[in-house]
Amino acid sequence: KTKFPDELSKNLTVGYNLMRMRDMQGTEKEKGCDMIIEAFKQCPYQITAIELVRIASYFPQFRDKVTEVLSNYFDDFAENEQQYKEQNGYHQRIISAIMAGNYLANINGAKPELAKEYKAKTDEFISEQRQIGTRSRW
């Protein structure tokens with residue numbers, strides 16, 4: 001039995017593998033998608049956001065589910081950005097918000113006003129992220 005250091009590692013690793021196994025179908029792929037979604041909810045950082053966008057790109061049957069998760073995250077981040085600024089992980093969260101915003105703007109090409117709104121808010125996040133980069137050093 002495989003041991004993982006935490007639930008995030010388990011969800012990300014197992015979900016990642018289930019989505020990439022060629023012989024996995026149906027419920028196993030859905031389980032993989034759900035595990036990546038859970039990993040994103042536990043830790044909305046760049047790697048989990050990348051995996052969600054990848055799932056939406058390669059597996060159309062999960063696109064609506066992923067779009068809902070990313071839309072909810074984007075809206076929550078925009079609404080609570082000031083609160084998140086005071087918490088650890090803000091830099092990673094804003095990168096995930098940028099990724100979600102770019103994804104949402106791209107898939108809403110048929111709705112230009114909505115796409116424009118996502119792009120405008122995403123550009124604000126990009127500006128904030130750049131400011132963090134200029135005033136912070138690791």
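This is a short tour of a predicted model, one selection at a time.

**Stop 1: helix H3.** Select residues 46-58. This is helix H3, with 13 residues. From first C-alpha to last, H3 reaches 18 Å, close to the 18 Å expected at 1.5 Å a residue.

Now color Thr48, Ala49, Glu51, Leu52, Ile55 and Ala56. These residues of H3 are buried. Look down the helix axis. The buried residues of H3 fall within an arc of 160°, so they line one face of the helix.

**Stop 2: the neighbors.** What do the buried residues of H3 pack against? Show helix H1 (7-20), helix H2 (26-42), helix H4 (63-85) and helix H5 (90-107): these are the partners.

**Stop 3: the core.** Select Leu52, Ile55 and Phe77. They have the most contacts inside the largest nonpolar core, which has 32 residues. Two or more residues come from each of H1, H2, H3, H4, H5 and helix H6 (112-135). H5 gives the most, with nine residues.

Zoom in on Phe77. Leaving out residues up to four places away in sequence, Phe77 touches Tyr84, Tyr90, Arg93, Ile94, Ala97 and Phe125.

**Stop 4: the cysteines.** Select Cys33 and Cys43. Cys33 is buried, at 0% relative accessibility. Cys43 also counts as buried, at 14%. How many disulfides does a search of the whole structure find? The search finds zero. The sulfur of Cys33 has its closest cysteine sulfur in Cys43, 18 Å away, which is too far for a bond.

Terms used. Residues numbered from 1 in each chain as written. Predicted model: local features only at pLDDT ≥ 70, side-chain atom pairs only at ≥ 80, totals over all residues. Heavy atoms only, no water. Disulfide = S-S within 2.5 Å. Buried < 20%, exposed > 50% of the residue type's maximum accessible area, 1.4 Å probe, protein only. Helix = DSSP H or I, 4+ residues; strand = E, 2+ residues; numbered from the N terminus. Expected span 1.5 Å × (residues − 1). Arc of directions from axis to C-beta. Contact = heavy atoms within 4.5 Å. Core = buried A, V, L, I, M, F, W, Y, C linked by side-chain atoms within 4.5 Å.
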